[in-house]
Amino acid sequence: MIKELQELSRSLLERGVVHGILGYAEGASGAAAVQIFITDAKDVDKLTWNDRCFSNLAAYLSRAEIKQRGKIGIVVKGCDARALTVLIQESQVNRANLHLIGMACDGVSEPWAAKCADCDTHVPAMVDDVIGQASGSPQASKERYGAIRSFLDEKSPAERMAFWQEELARCTKCYACRAVCPMCYCLRCIVDKNRPTTIDTSATLKGNFAWHITRAFHLAGRCVGCGECARVCPAGIDLGLLNQTLAHAAEQHFEYRAGCDPEKMPVIGCFNASDQEDFIR
Amino acid sequence: MSDAISHEALMALMDSWISQGRAVAGPVALKSGLCLYLPIVQSKRLRLDTSARPRNSIKEFLFPKHETLCTFAFDGKDVEVADAPLPETETILCGVRPCDAASLPIMDRVFQWDDTDPSYAKRRELTTVVTLACTRYDVYCTCTTFGYSPSAHEGSDVLLVPYGDGHYEVFCLTEKGENLFNGAVQPLDESAPVPTGPDKRFDTEPIQAFLRDQFDAPVWSEIGARCMSCGACAHVCPTCHCFDIVDEGNATTGRRVRNWDSCQFAMFTMHASGHNPRSDQAQRQRQRIQHKFRMYPERFGSILCTGCGNCTRNCPAGLGVLHALATIDETIAISQDKANS
């Protein structure tokens with residue numbers, strides 16, 4: 001698949017179809033693959049593809065040095081392609097300025113691959129090129145939102161509160177979760193505002209709860225479950241469990257799943273008189 | 001003749017410290033693949049093999065991620081300010097990696113510079129550091145490049161070196177250390193094997209010269225392009241110590257607090273005027289490396305890095321000090337090749 005990716009990239013650059021390719025390069029031995037942005041066809045040999053290509057490259061699309069190149073190619077997994085669809089729905093990227101190179105993905109390796117256990121987009125949709133074929137690995141067999149459903153069904157509210165108090169106590173407010181999230185593109189994040197201060201910047205239980213719950217709510221119906229927030233958290237907080245809970249709620253109550261249909265209005269961006277309100281008590 | 005302690009005796013000793021009302025902390029295997037320095041209430045929670053390096057550092061026990069400096073209350077036009085009480089609990093950090101302990105003498109220099117930080121000084125006084133020599137290292141471990149080793153003494157009160165059979169050789173390096181292990185050690189004939197660390201990764205002198213003489217080198221743009229501007233590197237680093245001071249409260253009472261900051265945040269150097277002297281990530285990345293390897297050494301005589309590798313290990317984009325220095329090293333090599341050809 002790597003050769004195919006490199007050849008396609010060379011062709012796209014040489015023909016002037018794109019003016020840059022945002023992809024993955026080898027990281028340190030055994031470590032995650034890293035982001036690379038190449039603008040010269042002779043650099044395509046640096047592009048790679050393996051089971052350590054964790055990052056969601058859509059998070060780099062707002063960078064000035066990338067935007068100013070005009071039309072670019074971007075290497076995406078299924079989860080990344082869904083993130084791009086959300087960005088397109090929210091008018092953050094122009095689809096016409098992107099050439100999506102979809103990589104068939106059987107999952108990225110443990111121990112960070114909880115997100116892959118219930119993935120159903122092994123072959124990215126709505127892309128311009130697809131490289132490789134998914135093998136339909138056993139990882140696809142788990143039910144989506146299984147972990148969230150057991151957490152909500154099997155634990156009482158008091159137990160869940162105790163769980164989150166212990167998890168979130170370790171947060172140091174590094175905001176790595178925000179930095180890697182393609183959906184966190186606000187030029188001025190609410191936590192950086194201080195006239196007035198809405199969310200304490202302190203890494204107290206109050207400040208940490210306020211930050212993570214606010215971010216989870218801001219991701220309602222937008223989080224595609226790419227798993228990056230949980231992977232990068234230096235404190236190992238199970239952020240996927242928190243951020244995907246509202247994704248589960250959006251599907252359950254509004255039959256809406258982020259990033260699957262660029263024509264659909266985002267669930268928190270529209271209102272119908274027939275929307276159920278029985279959960280407001 | 002060596003002093004030694006068995007693993008069981010060490011655990012019992014630790015439990016006795018806990019029952020005496022001292023705070024004990026050390027490496028805890030929290031979940032699969034995650035080891036962190038955390039406070040413990042039972043010795044068996046501690047993980048004393050060095051197969052996994054904690055993802056955090058021990059600095060939070062001396063320089064907490066959040067700390068109240070003072071409290072205030074308004075009464076009409078008057079305000080009453082009260083200093084926050086200083087900590088009183090004795091703390092023992094056990095199973096600390098030598099690269100983490102080595103950060104303490106380095107940070108002492110800035111926290112006890114022209115003024116002594118009362119909170120840091122008090123915690124330093126109340127804390128005893130028991131280090132565990134590393135018998136394993138990973139691709140990120142770089143202590144030897146900066147003059148340290150898997151059994152370095154810097155910052156340690158007691159060094160434990162594993163024999164490999166469930167015993168540790170005990171080196172009490174300070175009076176605090178002697179007081180802690182008094183009567184707890186047994187004599188053994190042999191010394192524990194001295195663990196070897198990784199080979200030196202690069203020469204620091206040419207890198208420091210590069211930082212001094214080529215401030216505007218284009219290498220920083222490449223590094224900045226990948227950096228996502230979070231604070232992970234600064235927060236997991238044993239020697240990073242930048243902080244933000246904010247007031248929290250309401251119209252009548254509040255607290256002035258100190259929180260960990262990071263020079264990689266976009267807002268780090270934002271002025272009230274709206275001007276930001278380090279407005280792009282290349283400048284911010286350059287600043288971190290310059291501070292650690294040129295500015296701090298020029299002022300305080302030591303590199304602001306112990307080679308623990310935590311920054312690169314935790315970086316979402318695989319950057320950190322190791323990547324930056326390796327890139328500079330490569331840049332120097334390329335320009336030397338050009339000069340020689």
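Predicted model: local features only at pLDDT ≥ 70, side-chain atom pairs only at ≥ 80, totals over all residues.
Q: How far apart are the end C-alpha atoms of helix H7 of chain A?
A: Helix H7 of chain A covers residues 205-218, which makes 14 residues. At 1.5 Å a residue these should span 20 Å, and the model agrees with this expectation, because the end C-alpha atoms are apart by 20 Å.

Q: Which residue of chain B forms a salt bridge with Glu167(A)?
A: Between chain A and chain B the count is one salt bridge. In the salt bridge of Glu167(A), the closest N and O atoms are 3.1 Å apart, and the partner is Lys31(B).

Q: Which element gives the largest share of the side of chain A that touches chain B?
A: The elements of chain A that give two or more residues to this side are strand E2 (34-38), helix H6 (176-180) and helix H8 (228-232). The largest share is three residues, and the element that gives them is H6(A).

Q: How much area do chain A and chain B bury between them?
A: The contact takes 36 residues from chain A and 33 residues from chain B. Of the area buried between the two chains, 55% is on carbon and sulfur atoms, and the area itself is about 2500 Å².

Conventions: Residues numbered from 1 in each chain as written. Chains lettered and ligands numbered in written order. Heavy atoms only, no water. Contact = heavy atoms within 4.5 Å. Buried area = accessible area lost by both parts, 1.4 Å probe. Salt bridge = Lys/Arg side-chain N within 4 Å of Asp/Glu carboxyl O. Helix = DSSP H or I, 4+ residues; strand = E, 2+ residues; numbered from the N terminus. Expected span 1.5 Å × (residues − 1).
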